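Me: I am new to this structure. Please put it up, and then I will ask about it piece by piece.

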Amino acid sequence: MNPVAPSDFVLWLTLAAMWLPFISFLTIFFITRTQLALSLAVSVSCAAVSLLAAWYLLLGLPAAQPPVEFKMLWMAGAEARISYGFLLDPLSRLMLCIVASISFLVQVYSLGYMAGDDGMAKYYSFLSLFAWSMISLVVAPGLLQLYVFWELVGLSSYLLIGFWHHKFSASEAGKKAFVMTRLGDLGFFLGIIVLLLHLGDLSILKLNAQAAAKLSAGLVTASAVLIFMGVVGKSAQFPLLTWLPDAMEGPTPVSALLHSATMVAAGVYLVSRLFPFYAASPDALMVVLAIGTVTMLLSSTMAMVARDIKQVWAFSTVSQLGFMLMGLGAGSYFAGVFHLTTHAAFKALLFLCSGVFIHHFGSNDMYDIARGGGRRLKVPMITITIAGAALAGVFPAAGFFSKESIMGALAGLPQPGWLAAGLAGAAMTAYYTSRLLFVLWFPRQIAAPHHEEHGHGEAAAHSAFGYWAMGVPLLILAGFALVLGFFGDGILNFLHWGRPPEFFHHVWLAPVSLILVACGIGLAWLEFGRKKAAQAGFLSRLPAVEALFANRWYMDAFYRCMLDYVVYGVFSRLFTLNDRRVVDGGVDGVCRGTVGGGWLLSFLQSGLLQYNLFTMVLIIALVGLYFLVMH
Amino acid sequence: MTAAFPYLSLIMLAPALGLLIILFLPHDSKRAVRWVSLISAAVSLLATLYVWQAYDRMAGGLQFVERTLWVKSLGIYYYLGVDGINLPLVLLTSIVLFTGVWTMWDLKHRVKEFFALMLLMVVGVYGVFLALDLFFLFVFYDVSLFPMYPLIAIWGSTRKEYGALKLTLYLLAGSALILPGILYIYFKSGLFTFDLVMLAKAGLAPDVQYLGFFLFLFGFGVLAGLWPFHTWSPVGHVAAPTAVSMIHAGVLMKLGAYGVLRVGMYLCPQGLIDWAPLFAILATVGIVYGAFVGLAQTDLKYVIGYSSVSHMGLVSLGLATMTLGGVSGAVFQMFAHGIMTALLFSSVGHVYDSTHTKMIPELGGMAKVQPRASFFFILAALAGIGVPCLASFWAELLVFINGFKVYPVLGTLALSGLVVSALFMLRVVQKTFYGPKNEKYAGCVDIRSSMIWPRAILAGTILLFGLLPRLMLDTITVGVAPLVELFK
Amino acid sequence: MQPVIAQYIRPEVVAYAVFFFVLLLTLGGALIAVIPKSIIHNVFGLATSLVGVAGLFIYLGSEFLAMMEILIYVGAICIAIVFAIMLSQPMHLQIPPRLRPKVFFSFVVSLVVFISFTVMVVRTPWEQAVRTSNDWGVKRLGTLLLTRYELLFELISLVLLMSIIGAVITAATASSEKAPGSRDGEEDGV
Amino acid sequence: MNSLTVYLFVALLLFCIGMFGLLQRRSLIGMIISIELMLNAAGINFMAFNRFLGPDPAVGQIMVLFIMGIAAAEAAIALSLTLALFRKLRSINIEHARDLRG
């Protein structure tokens with residue numbers, strides 16, 4: 001379908017949705033930083049306007065609207081012409097809405113969570129920056145604009161993960177996130193260059209429509225896989241998945257934003273954005289599927305042993321992202337996007353609920369929280385259960401439907417192994433989710449109600465305003481997590497412009513996966529829920545395996561080793577040595593040689609008058625002799 | 001087109017006039033010296049801004065030309081002019097000079113001599129960028145190099161005599177290649193003129209271009225920090241005082257790349273085609289190598305020095321691609337890197353002045369102690385690692401695209417240098433500005449309100465051209481397009 | 001006996017004898033001026049040699065120059081040297097032994113010079129220029145000095161004047177500068 | 001006695017003896033003496049050419065007169081330097097005066 005130019009109203013609405021967060025960032029960062037209330041007002045109101053615009057764009061435009069495209073030239077340097085503008089098609093409208101909603105909710109939530117923090121204004125400016133870059137990424141009409149904001153998303157997550165930069169671990173995590181995603185972006189950028197050099201135009205619509213026709217199959221696969229490297233970095237897929245669990249060093253609302261709608265979602269979004277392009281290369285899809293599967297299984301195992309509440313969710317994010325990629329890799333555009341949507345809702349909810357606990361008890365450890373009396377906090381306790389159910393894929397929560405559609409796509413594949421892996425993953429998901437929930441619900445010893453440890457900003461947290469600022473977003477998100485699943489068909493129709501492709505429902509699949517989920521929950525009940533349970537997983541009986549899982553399959557250690565021994569130890573040291581000794585040493589050697597030569601020659605300058613005379617006379621005499629003999 | 005008013009001479013001679021006035025001021029009138037320097041820098045800046053906005057981008061080519069015969073028997077002309085290539089660099093010089101003078105406002109030690117030498121150096125820099133006559137270009141080139149020695153040796157720190165000597169010797173060694181190159185071209189062309197434009201129009205024999213470009217490549221390459229002739233740069237930067245580092249890393253290193261571009265590539269296009277693979281290899285090695293070595297440094301200024309090596313490698317790679325995008329990217333990178341490095345050095349300069357250390361392990365948590373200085377440093381560091389919407393991103397983008405297009409393997413290697421440079425820059429940011437603060441430096445003051453402005457100008461420039469790259473690129477492309485035609 | 005002697009005392013024989021005597025004075029004096037270690041002997045050798053040179057000048061037709069030679073060199077310069085010796089080189093001090101290699105190499109170099117110049121002297125075809133004047137008189141000398149060579153004459157006077165002033169200043173300031181230094185030296189000596 | 005070569009030869013011998021002395025003497029005064037010898041050799045040469053080859057006998061004599069003037073000036077300077085050197089070093093041994101050693 002050919003794109004149409006936007007009407008004036010849509011143009012300004014979209015630009016408002018895109019630019020208000022940026023304006024808010026600039027205003028807060030450079031002008032109103034010292035006035036907290038004003039800054040908060042600016043930020044939240046900009047986010048609200050942006051949210052409204054996004055919802056209007058999602059619902060207000062006609063369903064069968066052809067894509068709306070608007071471009072202006074941003075940079076022109078010979079071959080590379082980067083346009084700036086937006087592309088509104090169902091996918092970007094849906095995603096725009098998700099991003100705007102989550103970032104608005106997170107901003108509201110942070111009013112309570114971050115109250116009393118020194119850098120709260122700065123925090124809000126960064127949130128705005130994050131929203132701006134993610135929104136611009138989502139609506140980008142061309143790959144180069146997408147790449148630009150892709151990098152900016154990386155930057156804003158760097159700033160936010162390392163927000164409490166006086167903590168070493170936080171700044172370390174920010175750095176790790178940035179560098180590891182940068183590693184993946186290397187491939188992304190190369191892929192873009194390959195496409196640019198062969199196509200000359202990186203408009204997403206054209207790319208999706210024409211790439212297969214214009215490029216050779218090998219080239220499509222190569223560039224698709226290269227671009228997928230960026231996804232691997234951004235969406236924390238195997239082998240670059242270890243930065244995400246560390247990224248929870250940032251404030252919890254940031255984690256919510258990061259894990260649901262912005263940073264990691266960007267990767268999956270990119271694959272969906274270029275889905276027709278990927279679909280042109282079965283090999284590339286196979287790579288996506290394989291990476292997704294490996295990641296999903298690995299991170300599920302890691303989540304099974306983590307004690308840190310945020311870490312459990314972090315691993316679950318990684319594994320759910322793996323699920324999405326599996327869905328996309330299996331060839332179902334809808335399944336991936338649908339799961340992305342529902343996941344955004346329930347994962348944001350999970351983190352925000354955990355944030356309340358962490359905020360209240362000042363601890364990340366789920367046993368500590370349980371012992372502190374976590375279950376007395378009614379709103380977060382109920383909402384976290386809903387979100388957990390969604391994550392585990394329990395009917396009727398949203399996760400069930402989206403996961404079901406992914407399983408459907410996997411079942412359509414010729415090899416049954418993928419489906420088996422998917423089902424195993426679902427069971428594991430159910431296990432670790434319910435493990436955490438049971439620990440929270442059925443603590444072994446409960447401390448006295450008033451013997452609580454407080455996190456930061458405790459005074460503000462207990463105010464009514466703070467409580468409701470944090471509570472309302474939870475309730476809203478819980479609503480979404482519950483009902484979003486029933487909109488599956490609507491989203492399907494919407495995404496395919498009202499002409500959904502034939503979609504196979506496997507009747508036997510839902511019961512099978514439900515049974516597996518039940519098994520997972522049951523196992524967790526046996527170990528953690530029932531009265532006599534020791535609250536120790538079956539894995540604790542296999543210390544080696546547990547250690548393997550808890551140490552993230554030693555991937556971190558591997559990277560640390562690589563960094564320490566290969567990058568620092570070998571390259572950096574060798575090059576430095578080379579620089580000091582060989583290059584610089586060579587130069588110094590030349591200098592020393594010159595000085596030494598001068599020193600040697602200085603013996604000729606003995607200061608002895610007669611010696612100089614002697615030389616002079618001798619040379620004159622010899623020259624004289626030479627001329628006489630010659631002529 | 002002949003300008004009615006000699007704006008270019010004004011740009012160049014305003015610092016010279018300032019220099020003269022300073023020389024006649026009494027030794028202890030420090031305020032007057034500062035003000036005279038600042039005003040002459042401001043006059044240059046304003047004139048540059050006027051030329052920048054008045055330059056006709058549709059017409060392109062050389063504008064604001066001033067051409068007078070100087071020595072007839074040797075064919076030497078006083079010949080100034082701007083096109084899309086040197087206009088950004090003149091703008092860069094003006095900005096860095098103005099902010100540099102302002103940054104050194106608090107200098108106490110031998111103020112008069114410092115500003116006099118600095119202005120002298122800048123006169124040379126303007127001369128090189130503006131002159132279109134090889135003789136003048138070379139003379140100004142050396143004028144801009146000589147003041148470095150006293151500037152570093154007197155006002156520097158950390159092995160200053162060593163650094164100054166090394167830098168001077170290196171650069172003079174480069175000059176020693178350039179002069180034969182110029183004379184070689186002069187005699188072999190048969191025109192007996194130093195007029196760059198005439199020489200370029202006449203065209204030289206391929207073998208003359210071959211040798212000529214070789215001489216220019218390595219002669220100017222030394223100043224551009226071309227690997228492996230780069231070691232003067234970190235040592236010199238470490239030793240130099242803040243403003244000198246700013247001008248030196250920000251502007252002077254560009255003289256080298258500009259020389260390769262204006263003299264080498266303009267006069268000897270065939271020579272570049274012959275030497276391009278070697279040039280590209282050296283550039284790529286420089287990019288990767290500089291990043292890795294920077295990773296192992298513990299001195300803040302060394303880190304910046306090596307990042308300069310890495311970034312100037314990008315400039316060289318861009319030039320070696322011989323494509324419109326690549327060369328434009330290289331020119332843009334010169335500008336962006338100049339501003340960025342100036343900002344880095346001016347922030348580090350403040351940290352060093354207040355804490356008296358620039359060793360990374362000793363610092364830490366400076367973001368809490370000196371939020372302003374930290375902000376500027378981090379902004380510049382982010383620009384350095386190619387964060388979008390900051391000026392150097394676009395330049396790097398263009399260079400990488402064209403680098404990959406012309407040299408796929410080298411381009412990929414250079415790209416991987418980007419990851420390493422991200423690693424080492426963030427490492428510095430983390431170790432120095434983040435983390436728990438060192439109580440020893442807890443009482444150190446931040447940048448004063450009035451001293452924010454020079455840094456803010458630099459930061460604003462980075463942001464402005466980062467958000468609106470066309471402002472810069474449209475001009476550059478106009479200048480580069482005719483040059484690139486030579487390679488076809 | 002008269003004729004026998006007269007047979008030998010022919011004018012040309014006498015002339016030769018005297019010539020050889022003059023040569024002997026010149027070269028022998030020169031050797032004495034150079035070889036002995038005692039500086040005062042050297043000065044006497046120099047004086048002898050200079051007298052010989054004056055004799056040679058007579059043989060070459062210029063009595064005036066011979067007289068000047070004796071006046072200026074023997075009379076003035078040698079005396080000045082003697083004064084310098086008295087002021088600077090205490091005669092009673094031990095004279096350090098010679099360095100044989102130095103003497104040897106000096107000899108070799110001088111020999112090389114000698115050979116090269118000898119070759120030149122022998123191989124050059126000397127040609128008589130056209131005589132424009134045959135007047136050896138002192139009067140013409142004086143006229144020329146004050147006409148054609150006036151500038152040179154003035155110049156040489158100036159050089160002499162300056163050198164004498166310079167000599168005085170050098171000797172004088174050196175002594176005044178030396179004053180503290182020499183005391184140091186004496187203290188060292190003590 | 002009446003051949004140019006004889007005089008040139010004598011002058012050459014005198015010159016070389018002077019040079020020998022100049023090169024091997026350590027005493028500054030000894031060196032001055034040697035220089036005087038060499039100057040005289042030059043004078044003999046002038047006179048010899050004047051006598052046998054020159055166009056005008058007055059010219060050679062004038063040259064020798066100039067040489068004498070120069071020699072006088074040279075001697076004055078050299079001797080004053082000797083005195084200065086002696087005051088500085090307490091010696092006129094030329095091997096002790098080597099401040100210019102590189």
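Me: In chain D, what share of the contacts with a separation of 6 or more comes from residues 24 or more positions apart?
Reply: Two residues are in contact if their C-beta atoms, placed from the backbone, lie within 7 Å. Take the contacts in chain D with a separation of 6 or more; residues 24 or more positions apart account for 50%.

Me: What kind of model is this?
Reply: Residues are numbered from 1 along each chain as its sequence is written, while chains are lettered from A and ligands numbered from 1 in written order. Local features need pLDDT of at least 70, side-chain atom pairs count only at pLDDT 80 or more, and totals for chains, interfaces and linings use all residues, as the model is predicted.

Me: What pattern does chain D follow along the sequence?
Reply: Helices (H or I, at least four residues) and strands (E, at least two) are DSSP runs, numbered from the N terminus. Chain D has three helices and zero strands. Along the sequence the pattern is α-α-α.

Me: Is chain D spread out or compact?
Reply: Its C-alpha trace spans about 50 × 25 × 25 Å along the principal axes. The radius of gyration is taken over C-alpha atoms, and the globule rule is 2.2 Å times the number of residues to the power 0.38. For the 102 residues of chain D the rule gives 13 Å, but the radius is 17 Å, well over that, so compared with a compact globule chain D is more spread out.

Me: Which chains make the most contacts?
Reply: Four pairs of chains touch. Chain B and chain D are not one of them, with their nearest C-alpha atoms 21 Å apart. No contact joins chain B and chain C either, and there the closest C-alpha atoms lie 34 Å apart. The most contacts are between chains C and D.

Me: Which helix gives the most to the side of chain D that touches chain C?
Reply: The contact takes 62 residues from chain D and 77 from chain C. On chain D, helix H1 (4-24), helix H2 (28-52) and helix H3 (57-89) each supply at least two residues. With 25 residues, the most comes from H3(D).

Me: How many charged residues does that side of chain D have?
Reply: Ala, Val, Leu, Ile, Met, Phe, Trp, Tyr, Cys and Pro count as nonpolar, Asp, Glu, Lys and Arg as charged, and the others, Gly among them, as polar. The side of chain D that touches chain C has 43 nonpolar and 13 polar residues, and its charged residues number six.

Me: How many residues does chain A bring to its contact with chain D?
Reply: Chain D brings 10 residues. That side of chain D has five nonpolar, one polar and four charged residues. From chain A the number is 10.

Me: How do H10(A) and H14(A) run relative to each other?
Reply: Axes are lines fitted to C-alpha atoms, for helices over the stretch in contact, and angles run from 0 to 180 degrees between N-to-C directions. Helix H10 (252-260) and helix H14 (309-329) of chain A pack at about 10°, with axes 11 Å apart. Angles under 35 degrees count as roughly parallel, over 145 as roughly antiparallel, 65 to 115 as roughly perpendicular and the rest as oblique. That makes H10(A) and H14(A) roughly parallel.

Me: Is the crossing of H19(A) and H23(A) left-handed or right-handed?
Reply: Helix H19 (417-441) and helix H23 (509-529) of chain A pack at about 35°, with axes 8 Å apart. A crossing is left-handed if the near helix is turned anticlockwise from the far one by less than a right angle, and right-handed if clockwise. This crossing is right-handed.

Me: Is Cys389(B) buried or exposed?
Reply: Cys389(B) lies in the loop between helix H16 (371-384) and helix H17 (391-406) of chain B. A residue is buried if 20 or more other C-beta atoms, placed from the backbone, lie within 10 Å of its own, exposed if 12 or fewer, and partly exposed in between. Cys389(B) has 22 such neighbours, so it counts as buried.

Me: What is the phi of Arg110(B)?
Reply: Most residues other than glycine have a negative phi. Arg110(B) sits in the loop between helix H3 (86-103) and helix H4 (111-130) of chain B. Arg110(B) is not a glycine, yet its phi is positive, about 50°.
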